[in-house]
Amino acid sequence: MTDAPAPSRLAMVPFVSVARMMEMVNAIGPRRMMAELAEYIEEDFRRWERFDKTPRVASHSPEGVIELMPTSDGETYGFKYVNGHPSNLKRGFQTVTAFGVLARVDNGYPVLLSEMTVLTALRTAATSAVAARHLAPKGAKTLALIGAGAQCEFQALAFQEMLGIEKIRIYDIDPAATRKAAANLAESGLDITPCQSGEEAVAGAQIITTCTADKQYATILTDNMVGAGVHINAIGGDCPGKTELHRDILLRSEIFVEYPPQTRIEGEIQQLDPDHPVTELWRVITGQSEGRRGPDQITLFDSVGFATEDFSALRYVRDQLDRTGHYEMLDLLADPDDTRDLYGMVMRAKG
């Protein structure tokens with residue numbers, strides 16, 4: 001009786017599980033990790049024209065949506081699988097789960113498989129902070145967070161680290177969620193104010209982030225709540241029929257987006273005419289377009305999340321593997337000694 005063949009070196013792919021991702025975050029520190037992630041995200045925005053770009057492939061159902069988000073820079077291919085099911089909260093499931101893959105373009109072999117539920121939370125906050133770094137009023141110290149779900153604390157810490165935010169005003173329709181966020185941020189050094197309404201939360205804030213989860217047309221911010229000179233990150237709307245802002249706010253704002261063909265379907269601007277002018281964020285980052293032009297301008301980052309940001313996040317994680325050691329090798333690829341003899345490899349596995 002012969003031993004079953006051991007996996008070859010080419011069969012093994014680095015795998016970052018949820019447990020390993022949490023180890024990595026805690027080893028690096030969440031603030032530092034988001035700041036480092038932001039540099040990768042901004043670097044890839046600067047080379048935007050090198051990427052294959054397509055709106056995500058979405059499968060919608062009454063309960064939610066399942067999406068694939070692919071892109072490539074010509075050398076490396078990446079994709080993320082992600083779901084969005086707002087009703088999951090009531091059923092004891094996560095609203096959003098995700099995983100992702102990086103692969104070599106030249107031979108198609110995966111080089112990283114990673115959880116992306118935690119990683120997406122980090123990259124979403126990092127992307128918001130990148131946009132605000134280019135669009136928010138200078139010297140902003142107060143951030144209003146409308147929605148205290150899974151994204152809330154990441155946003156607060158990213159803005160503290162990258163923009164020097166000192167005060168956070170939090171509101172959620174569920175008071176328990178507000179209390180949860182305030183407790184999690186209690187040791188952050190931030191001045192935390194739990195609020196009883198959205199109006200109270202935005203009072204005195206120079207930056208407003210909306211991050212709610214309902215899959216419906218909603219009005220989280222009404223026109224009268226938004227004064228001159230603020231920057232808004234609208235990150236909750238990310239599929240057709242799901243918005244957070246009153247249309248009048250959009251008409252008063254200079255709007256910045258990731259990828260217009262996707263945002264016009266999924267973002268706040270689905271409420272506007274298809275040719276309503278918007279500015280792509282990468283153009284601001286590369287200096288090809290203006291960002292904030294004056295102290296009274298309202299800037300709006302209509303963020304739905306785009307594949308290049310996930311690519312950046314996966315690229316960052318891959319670069320941390322040797323630095324942190326927080327991964328394991330997974331026997332993922334069939335690699336027979338004779339590339340034409342896959343069946344023989346299967347039979348030899350009987351031992």
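Contact here means heavy atoms within 4.5 Å. A few friendly notes on the structure follow.

1. **What you are looking at.** This is a predicted model, in which local features need pLDDT of at least 70, side-chain atom pairs count only at pLDDT 80 or more, and totals for chains, interfaces and linings use all residues. Residues are numbered from 1 along each chain as its sequence is written, and side-chain values use heavy atoms, with hydrogens and water left out.

2. **Two helices that meet.** Helices (H or I, at least four residues) and strands (E, at least two) are DSSP runs, numbered from the N terminus. In α1, the residues Met-21, Met-24 and Ile-28 touch Tyr-316, Val-317, Gln-320, Leu-321, Arg-323 and Thr-324 of α11. This contact of α1 with α11 is made of six nonpolar, two polar and one charged residue. For that count, Ala, Val, Leu, Ile, Met, Phe, Trp, Tyr, Cys and Pro are nonpolar, Asp, Glu, Lys and Arg are charged, and the others, Gly among them, are polar.

3. **Aromatic pairs.** The whole structure holds nine aromatic pairs. Rings of Phe, Tyr and Trp (its six-membered ring) pair if their centres lie within 6.5 Å; planes under 30 degrees apart count as stacked, over 60 as edge-to-face and the rest as tilted. One of the pairs is Trp-48 with Trp-282, stacked at 6.5 Å centre to centre with 15° between the planes. The two are 234 residues apart, with Trp-48 in the loop between α2 (30-46) and β2 (57-61) and Trp-282 in helix α10 (residues 281-285).

4. **Buried or exposed?** Buried means under 20% relative accessible area, exposed over 50%, and partly exposed in between (1.4 Å probe, protein chains only). Trp-48 is buried at 3%, and Trp-282 is buried at 4%.

5. **A second stacked pair.** The ring centres of Tyr-81 and Phe-99 lie 5.1 Å apart with planes at 15°, so this pair is stacked too. Tyr-81 sits in strand β4 (residues 76-84) and Phe-99 in strand β5 (residues 98-104), so the pair ties together parts 18 residues apart in sequence. Tyr-81 is partly exposed at 26%, as is Phe-99 at 36%.

6. **The sheet.** Eight strands form an open sheet with parallel pairing, in the order β9-β8-β7-β10-β12-β16-β14-β15. Two strands pair if DSSP finds at least two bridges between them. The edge strands, β9 (191-194) and β15 (279-280), each pair on one side only. Strand β8 (residues 167-171) runs parallel to β9 and is joined to β9 by four bridges.
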